[in-house]
Amino acid sequence: MRTTSAISQSPSRAGGPAVRFAVVGVPGNRRVTLFRDAVRAAGLPAARVVPWLDVLGGKAVFRRGETVRMDSPGEDAEVERLLRSVDDPTRVEGTALWYTRFTGAVRTVARAADAAGAVLLDAPGDVAVLFDKRLCHAVLDGAGVPVPASPTSGAAAPVVRDWADVRERMAQHRMPRAFVKLAHGSSASGVLAVETAGPGRVRATTSVERDTSGRLFNSLRVRRCTTEREVAAIVDALAPDGLHIERWLPKASQCGRSADLRVLVVAGRATHAVVRTSHSPMTNLHLGGERGSLDEVRAAVEAAGGSWAEALAVCERAAACFPDTLCVAVDLLPATGWRRFAVGEVNAFGDLLPRLTGLPGSGFEGLDTYATQVVAVLNRTRNHRASATP
């Protein structure tokens, strides 16, 4: 389905040569396929795929005038092996090495694109911050974006070495409930929702599984750890990769399930939003979370005397911290009562939201997340050409 706004930005009306896309990603996976479909639907030349394997192997080539979009390197076992040095992609460990190698690969893309005269849609500096939760938290906090309190925010924060450090930070900052996250994790990998109630009274909710040899694996099953010894063993194994601690904020609920939102911001505008609900603290859809009703969220916010427009504005302020990146996905945490919101995370590759169409009034109604990004680039290109015309 295409809206009037999409049709009006077709290549034939934008003027000048058609935009040519190259997408750095994993050939054939859903993300790349959906983006290429959107490019094709816009009547543009087929998007050329540059595999992450070529980037890591020093063989990536870009062409003058191309618009280069980077996508997730996930869902490729060989890419995962090269980035994390693990043979099983479900392993949790190795995220610090992944971060070092991935941000290096992003810089390689940027250098190659710049040398070829191509335009990059994702700034390497932005990507480096987005994939370090400690740095991202500090940037958001410094910009006045509401975020959960954190004792690990910023590059100067003390390193968390083990479970004892986590307990100490939680006690010092009066956090009986906190999220403990891998600094460079994604998709809830390595996340623990920790609750404490005095010495020895600890439990945690997590999707991490630990085998008999102490290795950690991601699971699609969220489970409870009910002893401090079990929680400590997982945290101690995660700590070498870097940990981030945030206050566990009580969230609003929908139909008796904890709720939050993922809001896509494209070219500075909130364009798509999905409600995620769960009986567990992790609302990720791949962990059993379910899509909720956005209409009910908007009604609840307005009934509580809040402002849906302000909730979206919070997401746009978060995205504005990364002005050189076309698209980010903001995890928006509604407080109990639906009047206040905080930003949990900002994601570089959070746009895989199949069948979700643009928000009313966004200008992208009827368009999915990928078509929206294509139109945003066409808009930008048209405006650039218009400003360059004498």
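Modeller: Begin with a definition: a residue is buried when its relative accessible area is under 20%, exposed when that area is over 50%, and partly exposed in between. Keep in mind that this is a predicted model.

Biologist: Is Asp165 buried or exposed?

Modeller: The relative accessible area of Asp165 is 3%. The limit for a buried residue is under 20%. Asp165 is therefore buried.

Biologist: Which residue meets Asp165 in a salt bridge, and is Arg161 buried or exposed?

Modeller: The side chain that meets Asp165 is that of Arg161, at 2.8 Å from N to O. Arg161 has a relative accessible area of 61%, and the limit for an exposed residue is over 50%. Arg161 is therefore exposed.

Biologist: How many salt bridges does a search of the whole structure find?

Modeller: Side chains of opposite charge can pair when their charged atoms come close. For a salt bridge, the nitrogen and the carboxyl oxygen must be within 4 Å. The search of the whole structure gives a count of 27.

Biologist: How far apart are the closest N and O atoms of Arg84 and Glu80?

Modeller: Both residues lie in helix 5, four residues apart, which is about one turn of the helix. Arg84 counts as buried at 5% relative accessibility, and Glu80 counts as buried at 13%. They form a salt bridge, and the closest N and O atoms are apart by 2.6 Å.

Biologist: How many residues apart in sequence are the parts that Lys181 and Glu246 tie together?

Modeller: The side chains of Lys181 and Glu246 meet in a salt bridge, with 3.2 Å from N to O. Lys181 lies in strand 5 and Glu246 in strand 9, so the pair ties together parts of the chain that are 65 residues apart in sequence. Both residues are buried. The number asked for is 65.

Biologist: Which residues are linked with Asp331 in a network of salt bridges?

Modeller: A salt bridge takes a nitrogen of Lys or Arg and a carboxyl oxygen of Asp or Glu. The network that holds Asp331 links it with Lys251, Asp260, Arg262 and Arg276.

Biologist: Now the rings. What is the geometry of the pair formed by Phe102 and Phe131?

Modeller: A pair of aromatic rings is described by the distance of the centres and the angle of the planes. A search of the whole structure finds eight aromatic pairs. In the pair of Phe102 and Phe131 the centres are 5.5 Å apart and the planes are at 75 degrees. An angle over 60 counts as edge-to-face, so the geometry is edge-to-face.

Biologist: Where does Phe131 lie, and where does Phe102 lie?

Modeller: The two are 29 residues apart, and their pair links distant parts of the chain. Phe102 counts as buried at 1% relative accessibility, and Phe131 is buried at 11%. Phe131 lies in the loop between helix 7 and helix 8, and Phe102 in helix 6.

Biologist: How many residues apart in sequence are the parts tied together by Phe102 and Phe349?

Modeller: The ring centres of Phe102 and Phe349 are 6.3 Å apart and the planes are at 75 degrees, so this pair is edge-to-face. Phe102 is in helix 6, while Phe349 is in the loop between strand 15 and helix 13, so the pair ties together parts that are apart by 247 residues.

Biologist: Which residues form one aromatic cluster with Phe102?

Modeller: Phe131 and Phe349 belong to the cluster. Two tryptophans complete it, Trp52 and Trp98.

Biologist: What is the volume of the largest cavity?

Modeller: A search of the whole structure finds two cavities of 30 Å³ or more. The lining of the largest cavity includes Phe349, Arg69 and Asp71. By class, that lining has six nonpolar, one polar and four charged residues. The volume is about 80 Å³.

Biologist: Last, is Trp338 buried or exposed?

Modeller: Trp338 is found in the loop between strand 14 and strand 15. Its phi is near 70 degrees, a positive value in a residue other than glycine. At 9% relative accessibility, Trp338 counts as buried.

Note on methods: Residues are numbered from 1 along each chain as its sequence is written. Side-chain values use heavy atoms; hydrogens and water are left out. Rings of Phe, Tyr and Trp (its six-membered ring) pair if their centres lie within 6.5 Å; planes under 30 degrees apart count as stacked, over 60 as edge-to-face and the rest as tilted. Buried means under 20% relative accessible area, exposed over 50%, partly exposed in between (1.4 Å probe, protein chains only). On a 1 Å grid over the protein atoms alone, a cavity is a set of points where a 1.4 Å probe fits but cannot get out, and a pocket is an open set with protein on both sides within 12 Å along at least five of seven lines; lining residues have an atom within 4 Å of a point. Grid points are joined across faces, edges and corners, and a volume is the space filled by probe spheres set on the points. Ala, Val, Leu, Ile, Met, Phe, Trp, Tyr, Cys and Pro count as nonpolar, Asp, Glu, Lys and Arg as charged, and the others, Gly among them, as polar.
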